[in-house]
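Please look over the sequence and the model below before reading on. The text then goes through it one region at a time.

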Amino acid sequence: MTSDNIFVERFELGGAGPTVAVKDCIDIAGKRTSVGSEALSEAPPAAAHAAVVAALIAGGARIVGKTNMHEFAYGVTGVNRWLGTPVNPNYPGLIPGGSSSGSAAAVAAGLVEIAIGTDTGGSIRMPATCCGVFGLKPSFGRVSREGCVPADSSLDCVGPFARDVAGIETAMALIDPTFVPAGRPASVRIGWVESSADAEIAEAVLAELRRSGADVVPVDLPGLDQVFEAGITIMAAEAWSTFGDLVEDPRIGADVRARLLGASKVSAAQLAEAEKVRTRFVAAVDQALAGVDALALPALPALPPALDDLGDAARMLRLTSLIRPFNVSGHPALAIPLAGRPIAIQLVGRRNDDETLCAVGARIEQGLAA
């Protein structure tokens, strides 16, 4: 490991364009995809590039290494017993966030211009918030997942980290051939979603939105807690399908083993009910977006914990209560960090209109910098 446990491996591949780091659940030909787990440390090297890696190279990007991550992408802290935990460059002592911990930290440390991560239940927006960088979970299906682990998922999205929205757009144009940056709007109308976030977090995010010059109006989006639970259920079932055969491997971390054992108990009835919740929530988000350019709420409901204060697993999982619902719905979601604090605005846009979401985010970013 190098660079404060941020990289699993350093190398150079591609052209002379933007420097990029890639999460270790994404195949790079000739490199092992360990998914952050010692249990896969002897897996054969990937035979071919993942679609997103091939796109980066075709676009002239310079890939400089594979980044550390929470084991099996099945955790929110970014703590990794085997590889070591990436240091949070902007907030040392706090968790880097998971599961795309190394990708967020690589951007925050200035080691790369862009990093690629994956987001199944907040795994881009969570570490982006913890490390104080921008992170985008694209619309579900917008960026190819070919060559990624898990191979099959109804929640997971490949997406970028960067130090500003312009960097996010540069990354998206590289990894999504249909992405064309949109012009910056002169004004934006934002729907504010009430949530269970701590009062200090909600007040800070709302104040910064208003300071940016956005027109902020209240919108109704009920049932976030129910959708959060549905997301946990769906992800558990899919994680068990992918990694269940490794649950008895002694090299797996205790936290991941415990989650997998819990995942094994998800019933068909529970999964069917979660899918009903998903269907209702997709319609609710679409309705909430009517008449506004984007929805907004805090990315995390509380400040990220210190590395020596992780508490119980349920408490850690609740940190994804405001980001996980939009994996369930498939809408694009962008984390915009607030200066000097591990707090972020989460903007949610219309499905498959990631360009407009980024343009709205750039307008808010511009307002905050003024």
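Phe-72 sits in the loop that runs between S3 and H2. In this predicted model, its phi is near 60°, a positive value in a residue other than glycine. Phe-72 has 3% relative accessibility, so it counts as buried, the cut-off for that being under 20%.

With a relative accessible area of 1%, Val-35 is buried.

The loop between S3 and helix H2 (101–108) also holds Ser-99. The peptide bond leading from Gly-98 to Ser-99 is cis, and its omega is near 5°. Another cis peptide bond links Val-149 to Pro-150, with omega about 5°. Pro-150 belongs to the loop between strand S5 (134–137) and strand S6 (157–162).

Next comes strand S3 (residues 62–67), which contains Thr-67. Is Thr-67 buried or exposed? Its relative accessible area is 0%, so Thr-67 is buried. Leaving aside residues up to four places away in sequence, Thr-67 touches a set of residues that includes Phe-7, Val-8, Val-22, Lys-23, Gly-102 and Ala-106. The C-alpha atoms of Thr-67 and Glu-9 are 7.2 Å apart, although 58 residues separate the two along the chain.

Which residues of H5 are buried? They are Ile-201, Ala-202, Ala-204, Val-205, Leu-206, Glu-208 and Leu-209. An α-helix has 3.6 residues a turn, so residues three or four places apart point the same way. The buried residues of H5 are covered by elements including strand S7 (189–193), strand S8 (215–219), strand S9 (294–298), strand S11 (344–348) and H11. Just after H5, Gly-213 has a positive phi of about 95°.

H11 (residues 354–369) also packs against helix H4 (residues 165–175), at an angle of about 160° and with the axes 9 Å apart. Angles over 145 degrees count as roughly antiparallel, so that is how H4 and H11 run relative to each other. Their crossing is left-handed. From H4, Val-165, Ile-168, Glu-169 and Met-172 take part in the contact, and they meet Asp-354, Cys-358, Ala-359, Gly-361, Ala-362 and Glu-365 of H11. The residues of this contact comprise 6 nonpolar, 1 polar and 3 charged.

Technical notes: Residues are numbered from 1 along each chain as its sequence is written. This is a predicted model: local features need pLDDT of at least 70, side-chain atom pairs count only at pLDDT 80 or more; totals for chains, interfaces and linings use all residues. Side-chain values use heavy atoms; hydrogens and water are left out. Axes are lines fitted to C-alpha atoms, for helices over the stretch in contact, and angles run from 0 to 180 degrees between N-to-C directions. Helices (H or I, at least four residues) and strands (E, at least two) are DSSP runs, numbered from the N terminus. Angles under 35 degrees count as roughly parallel, over 145 as roughly antiparallel, 65 to 115 as roughly perpendicular and the rest as oblique. A crossing is left-handed if the near helix is turned anticlockwise from the far one by less than a right angle, and right-handed if clockwise. Contact means heavy atoms within 4.5 Å. Ala, Val, Leu, Ile, Met, Phe, Trp, Tyr, Cys and Pro count as nonpolar, Asp, Glu, Lys and Arg as charged, and the others, Gly among them, as polar. Buried means under 20% relative accessible area, exposed over 50%, partly exposed in between (1.4 Å probe, protein chains only).
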